[in-house]
Each structure stands twice: as structure tokens, then as C-alpha cells.
Amino acid sequence: MLTVVLIVNALIALLCLYVAWQVWNLRRVLANVADTLISVERNTYAVLHGAPNAITTGQRGTRQLRKQYRQLQTQLQRAEQVLGLLSLGQTVWRRRSTVVRRFKP
């Protein structure tokens, strides 16, 4: 009977030792995961810390470019109108010159 109690006690002790070893390994793994997450968080913060200012600067730049683009579109329309008038004037001038040459004696 004493032998059975000692064997059961030894098995319980081995089982508890195995569980303690698994808990120890789990603690190590969780500590490594926590360290990795802290490192990732620090790196992410370092990278994204200046992002709001950069985004605001980009938005301002985009707004200015859109304004300049609208101004350039207006200038382009005016230039196209002037070129259209010059082309029309040139066409009229050529026709007038041709008509004048035909009727000159």
C-alpha cells in the first residue's frame, strides 16, 4: 500500500513539474511577444508621429496646386480665344488678299 501511495505521489509530482515547466515556457513566450509588441509600437510611433503634419502640409500643397491649375485653365482659355481670333483674322486676310489680286487690273 505504501508503494502505491509513493508511486501515485511521484506521478502527481511529475505531473505538477510538467505543468510548472509548461507555464514557465508560456511565460517566456508571452514575455517575448510583449517585448516584440512594445518594439513594434515604438517603431510605429516613430514612423507615424510626424504623419499628421505631413498630411496637413500635403493638403495645403494640393489646395495651392488646384488653385494654380484653375488659374492656368483660365489663362489657357483666353490664349485659345486669342489664337482663334488670330486664325480667323489670318483666314479673312488671306481671302481678302486673294480677292484683291483677282480684281486688280
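**A spread-out helical model**

Arg27 sits over the face of Trp24, 4.8 Å from the ring centre. A charge counts as over a ring if NZ of Lys or CZ of Arg is within 6 Å of the ring centre and within 35 degrees of the ring normal.

This is a predicted model, where local features need pLDDT of at least 70 and side-chain atom pairs pLDDT 80 or more, while totals for chains, interfaces and linings use all residues. Residues are numbered from 1 along each chain as its sequence is written, and side-chain values use heavy atoms, without hydrogens and water.

Now the overall form. The protein has two helices and zero strands; these are DSSP runs numbered from the N terminus (helices H or I, at least four residues; strands E, at least two). The radius of gyration is 44 Å, well over the 13 Å from the globule rule for 105 residues, so the protein is more spread out than a compact globule. That radius is taken over C-alpha atoms, and the rule is 2.2 Å times the number of residues to the power 0.38. The C-alpha atoms fill a box of roughly 150 × 30 × 10 Å along the principal axes. Buried residues make up 2% of the 105 (buried is under 20% relative accessible area, exposed over 50%, partly exposed in between; 1.4 Å probe, protein chains only).

Next, the aromatic rings. There is one aromatic pair, Tyr18 with Trp21, tilted at 6.3 Å centre to centre and 50 degrees between the planes. Rings of Phe, Tyr and Trp (its six-membered ring) pair if their centres lie within 6.5 Å; planes under 30 degrees apart are stacked, over 60 edge-to-face, the rest tilted. Both residues lie in helix 1 (residues 2-48), three residues apart, so about one helical turn separates Tyr18 and Trp21. Tyr18 is partly exposed at 48% relative accessibility. Trp21 is partly exposed at 49%.
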